[in-house]
Amino acid sequence: MAVADTLQSRARARPRLVTAVVSVVGYTLVFGAFGGVLPLPELSNGIVILLGDAIAVVNSVALLAIVAGVYFIKNDQVQKHRAAMLTAFTLIMVFLTLYILKVGGGFEKEIVAEGFVWTAYIVMLAIHILLSAVSVPVVVHAVVLGLTHSPAELRETVHARVGRIAVSAWGLSLFLGLVTYVMLNHIYGWVPR
């Protein structure tokens, strides 16, 4: 318990540093998976497809948890808000693990679409990826503040403002990711790239 208390007090004293370190670790893992630097197992096509489906389920539940968290805080149900947002954050860590395995050990899919549909898909995918990358430090900062301060203390921090930005970017990213998943896997189809 003393170690946990020490870590919490250090994170509380330097939340921006903790945010930066956690964000850099996350970015490094993702870039390492894309670059083939991480020693990940080679996956069969079936496992890659299964991981893509699992990621969609995890992200759907994470989006529901975010929406619930917003509802709870608007209704001054702070403990439920905290539980919902920590659930969403935990699910995003599960997503990150599955995503790194999928990208690092398998193949990528390319949508079988042309014209306006292809353009709309690519634009939504680009916004999804951009918001995913941009939201990491904002989400981590909101979580670090939430874990290291009491509800009363949080009112004296940037938690609410950062949280609104995090929810907007994170929620839209998840939504667009789900839309592109459905387009790719259930409407237009794909080919390996």
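**The lining of the largest pocket**

Guide: The greatest contribution to the lining of the largest pocket comes from α5, with 13 residues (helices are DSSP runs of H or I of at least four residues, strands runs of E of at least two, numbered from the N terminus). The model is predicted, so local features need pLDDT of at least 70 and side-chain atom pairs pLDDT 80 or more, whereas totals for chains, interfaces and linings use all residues. Residues are numbered from 1 along each chain as its sequence is written, and side-chain values use heavy atoms, without hydrogens or water.

The largest pocket holds about 1400 Å³ of space. A pocket is an open set of points on a 1 Å grid where a 1.4 Å probe fits, with protein on both sides within 12 Å along at least five of seven lines, and lining residues have an atom within 4 Å of a point; the volume is that of probe spheres set on points joined across faces, edges and corners. The lining comprises 49 residues, and those closest to the centre of the pocket are F95, Y99, H128, I129 and S132. Besides α5 (115–148), at least two lining residues each come from α2 (15–34), α3 (45–74), α4 (78–105), β1 (109–111) and α7 (159–187). In composition, the lining has 33 nonpolar, eleven polar and five charged residues (nonpolar: Ala, Val, Leu, Ile, Met, Phe, Trp, Tyr, Cys, Pro; charged: Asp, Glu, Lys, Arg; polar: the others, Gly among them).

About 760 Å³ of space lies within the second largest pocket. Its lining has 28 residues, with I73, H81, H159, A160 and G163 nearest the centre. Here α7 gives the most, with seven residues, and α3, α4, α5, α6 (151–154) and α7 each supply at least two. This second lining divides into 15 nonpolar, eight polar and five charged residues.

Helix α6 also takes part in one of two salt bridges in the structure (a side-chain nitrogen of Lys or Arg within 4 Å of a carboxyl oxygen of Asp or Glu). The pair is R12 and E153, whose closest N and O atoms lie 2.9 Å apart. R12 belongs to helix α1 (residues 2–13) and E153 to helix α6, so 141 residues separate these distant parts of the chain. The other salt bridge joins the side chains of E108 and R193, at 2.7 Å from N to O. Because E108 lies in the loop between α4 and β1, and R193 in the segment after β2 (190–192), this pair ties together parts 85 residues apart in sequence.
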